[in-house]
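Visitor: I would like a close look at a single part of this structure. Please take the disulfides and explain the terms as you go.

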Amino acid sequence: MCWYRLGLIFALLEIPVVITEQGSLLYKKEGDFVIGALLALREFNVSARVCGPILDLGAVRRAEAVAFAVDQINNDESILQNVTLGYEIYDTCYDSSVALRRSLDFTKRFRDGSDNVIGIVGTSLSATASVTSLLMSNFNMTMISHFATSDDLSNSDRYQFFMRIIAPDSYQVNAIIDILLHYGWEYVAFIYTENIYGRGAYDVFVNKIKQTNICVPYSRGMRSTEPQSVYTDTLDDLQELRSQSHLSVVILFAELENIHHFMQTVYSRNATRQFIWIGSDSFGIPCLNSIKGIEKAALGALTMIPKAGINEKFEHHFQKAQNESESDNPWMQEYRKDVTENDDCPAFDSLLADAVGVFARGMDALLRMECPNQNISECKQKILGENRILLQRLLLNVSYNSLSNGKIFFLNRGDSLGRYDIRHLVKTEPGQYRFVTVGNWTADDRLLMEPSVGWDIEDDHVLSSRYSYDKVPKSLCADPCGFGQRRITLEDQPCCWRCEQCDDDRRVINETCADSCINETAGFYRWPREDRQECVDLEKQVRSSRPESIIIISLGFVGMVITLIATAMYYTKREERLIKASSRELSYIIAIGVFCTYLGSAFYMTEPSKGTCTIRRILPHVATSLIYVSIGTITVRLYRIFKAGKKSLKRPKFIHPKSQIMITVSLSAVPVIWGIVWLCLQPPTIHIEVNSDESNRFLLVLCSTSIIHRIGQLVWDIAVVFVCCYFAFRARNLPANYNQSRFIAFSVFSTLVVYIAFAPALVMSDSLMQDLYSALGLLIQATVVICLVIIVRLYAVMYTNFIPTETSENSRSANPGSSQTNRDDSGKPISSISKSLEIIDKTM
C-alpha cells in the first residue's frame, strides 16, 4: 500500500460528516459474487455537512438499473452458469468523504475473509472516483465508473484499477472545440472548477486549440466554495471584455454548485441575453436542476450529455416498480413522497447496466479460465484476491453489443470512446423551459448539428453569418476582414487582429495575401478573378487601336500636313518685307519644331518599343526648345532693337540672323544633352501594366520612365516658356503690332496655361494617362504656335499688304524740341521708331 494514498484517505476520513438514517440506506441482494455500487442519489449540504433530499427520478432509476441488470445476468444462461450475482448499492451524496466511508464498507470483507466483491460500479463524480479508486487499488479491486470523466483518471500508472464506461473529458473538449469551429467562434472565455474535473479539462482545451484560430482572452478557476464576490467579479470581467470586443461565448466546465451560483449572479445582475453559454456534462446532466428558477439566465445555452440509449425491458420494469406498494429499493418510497418527475432529465441508467454487464463477462471469463470443472463454492474462495489483477486484464478485453448503447469496449487505459448529445435550452411557453437535442458528436463522425438553431442574444452580437447559418452570434475579437483584405495578428494581443487591403494583383487565400499574379521576371501577366481566389489570363491591348490613340494620331498627321503647307507658302513669300523682318531663319526653325511636336504626339500613341521610347524621351522636348527658344530669340531681338532705337542708330550686338541661329541651336541642345545623359543612366525599356478599370482589365505595354527625367524636362520647358512670356510682355507695345508681337505674346501665354494645366497630371497620373496628357499637350502647343506665329504672318502678307510704319500717334510723340530727339544730316528730326526700322532693315 502506498503511503501517499493512505495519507489522503486518512485526511478525508478526518472531515466530519453526519450520516443520517436516509444517508445510510443500503440496497442489497446476496449472491455468490457481489457487485458493489457507489451512486450519487442525494444532494449534499456543504454547510451542514449532511446528505440532503433525493435529487430526482433519475437517482431512483440509477439504483434500480443496477439491481435490474444483475437480475438480468442471473437469468441469462449464456454467462456465469451456476453462479448467482448479488449487489450492494450505497449513496455517496456527491461528496468525496461520504464516498470514501462507503468504500471502506467493501474493504471490511478483506479482513473478515468474506471477499466476494468482484468490483465497484461508480462513482458519479471525478472527485469521488479519484479518492475511492486510490483506496480500492490498494486491494487490487477494479472500479468501472459510469460518469467520472476527468482526464486525470486516464493515468493508468496512478489509477491502475480504474475503468469507465463513459469517455474522458478530452473527448468532451473535442466536441466543444468542434462546436466553436462549426459556428466560427474564435474568441471565447473559459470558466472552470479548480479540481481535476475543471482544471484538467481547461488544460486539455488550451493545448488542443493551439492548432486552431480559437483564443481564450479570459479564464478563471473557482473552488467549490467561493464567496459571492468571486462570481460577481467574474461577471464584471466578462462584461468589460464584451464591451471591448465581440465576445459572446463563455464555456462553463464547472461543477454543479459553481454553475448554479454563477447563473444566479447573472440572473440577479440582469445580465441575461448577453452571452452564449456552452456547458459541460455537469451542466447538462442535471437538466434544469442546476438553474432551477433562474432558467432565463441560461436561455440559449448549449450543453453536452453522454449519449445513453434506452432499454425497453427496464422501462417496463421500472414502470411496474413505481406502481407497486412495496419495493426493495429503499429510495423508491422517498421518491414517491418528495420528488416531482422531470421527464427532460436523462438518468443514464443504461450506462450503469452496461458496467454491470462488463463485470459479469469479465468474471465469466475468469471462472472459465481458473475454475473450468470445480464447484463454484470451492472455487470462489481462491478465485479473488490473487486473481484480481488477472480479472482487471480480462475486463479490459471485454467487448460485447449492448441492447441500449451498441458495442461496448475499452481502450488500452480503460477509457471508452466519446459519444455525446448536444442539447439546447429553449423557452417553450411563458415561464416554461426545456432542453432539446440539436445535434450529436461521436469520436468517429465528429459533430452533426441541425440546420439551424434559435439564439437568444442581444442584436449587437448578431450578424449574417459567413458560416452557412443566418444570424449566428459572433464571438470574435474584431470584425472579419472585408473582401480583398488580409488579417494581421497583433503581436501584443494574439487573439486579435487588424485588416489590411491586399494589392489588386494578388490573390486572397484564407485572409492572407498570396503571391502576385504578375511575374515580370518569368514573363507572365495575369490578374485575380472577381473572387480573388485564382489568377486568369488577360488580353494584351494594342495602344494604337484605342479610340483616343486613333484620334490623336489623326490630328497629329493633319497638323504635320498643315505645317508643311504653311512652311512651303512661307518660303515662297520669303522676299516679302514682313517675312524678312520676322527672322526668316528662326521662323523655319519654329516650323521644324512644330512639325516635330505633331510627330512626337503620334509617338506617344504608338505601340512602345525601345526605339519609340527613345524618341519619346528626346523629340518632344527638343521640338519645344526649337519653338520657344526661337520665339524668345525673336522677341528679345525686337525688344532690344526698339529699345536701342530710342537712343541712337547704333545696332545692338548679336541681332544678325547667324547669331540668332547660333543662340537658338545652342540653347536647344540642352534637352538633347539631358536626354542623352538619362539614356546612358537608364536605357529605354518597356514594361507591362494592368489598367485601372476594375470592370475591364487588360494589359498595357508602356515605356519605363523616370520621374526625375520627366520633371527635369518639364522644368526646362517651363523655364523657356517663362522667358518668352516675360519678353513678350515687354514687347507687347511695339508700334502697330510690329511683327505680330501681340500674337507672339498670346501664343506663349497660351502655352504657359497648357503647361500649368497639364504638369500636375503628368506627374500624378498613371503611365497610360501620362502618355495621353503628353500627346494632348503637344497637339495644343503645336496648334497654338502654327496658328499665331506662322499662319497669321501669311495672312498679313497675302491679304493686308502690311508694311510696318510709324503711326500718326507715334509721329506726334516725337517732339522736335525734346532733348530725346535725334536729327539727320540736314537737321530734320528722326523718331526712335524710324531708327529701329532702319536697324531692322540693315539686318534683314
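Which cysteine does a disulfide join to cysteine 51?

Guide: The partner of cysteine 51 is cysteine 93, with an S to S distance of 2.0 Å. A disulfide here is a pair of cysteine sulfur atoms within 2.5 Å. By this rule the count comes to five disulfides. The model is a predicted one: local features need pLDDT of at least 70, side-chain atom pairs count only at pLDDT 80 or more, and totals for chains, interfaces and linings use all residues. Residues are numbered from 1 along each chain as its sequence is written, and side-chain values use heavy atoms, with hydrogens and water left out.

Start with the pair you asked about. The torsion about the S-S bond of cysteine 51 and cysteine 93 is about 110 degrees, so this disulfide is right-handed. Cysteine 51 sits in strand β4 (residues 50-54), while cysteine 93 sits in the loop between β5 (85-91) and α3 (96-112), so the bond ties together parts that are 42 residues apart in sequence. Helices (H or I, at least four residues) and strands (E, at least two) are DSSP runs, numbered from the N terminus. Both cysteine 51 and cysteine 93 are buried. Buried means under 20% relative accessible area, exposed means over 50%, and partly exposed is in between, with a 1.4 Å probe and protein chains only.

Another of the disulfides is formed by cysteine 481 and cysteine 499, whose sulfur atoms are 2.1 Å apart. Its torsion about the S-S bond is about -90 degrees, so it is left-handed. The two ends are 18 residues apart: cysteine 481 is in the loop between β20 (472-473) and β21 (485-489), and cysteine 499 is in strand β22 (residues 497-501). Cysteine 481 counts as buried because its relative accessibility is 12%. Cysteine 499 has 31%, so it counts as partly exposed.

Next comes the link between cysteine 517 and cysteine 535, with 1.8 Å from S to S. This link is left-handed, with -75 degrees about the S-S bond. Cysteine 517 lies in the loop between β24 (512-516) and β25 (518-519), and cysteine 535 lies in strand β27 (residues 535-537), 18 residues apart. Cysteine 517 is buried, and cysteine 535 is buried too.

Cysteine 680 counts as exposed, at 62% relative accessibility. Cysteine 787 is partly exposed, with a relative accessible area of 36%.

For the surroundings, turn to the nonpolar cores. A nonpolar core is a set of buried Ala, Val, Leu, Ile, Met, Phe, Trp, Tyr and Cys residues joined through side-chain atoms within 4.5 Å. The largest one has 60 residues, and those with the most contacts inside it are Leu85, Ile89, Val358, Met363 and Leu367. Helix α2 (residues 57-74) gives the largest share of this core, 11 residues. Leucine 85 touches residues that include Phe33, Ile35, Val70, Leu80 and Ala360, not counting residues up to four places away in sequence. Contact means heavy atoms within 4.5 Å. Apart from this core lies another, of 46 residues, among them Val622, Tyr628, Leu679 and Leu778.

Threonine 597 is in helix α17 (residues 584-603), and it is buried, with a relative accessible area of 0%.
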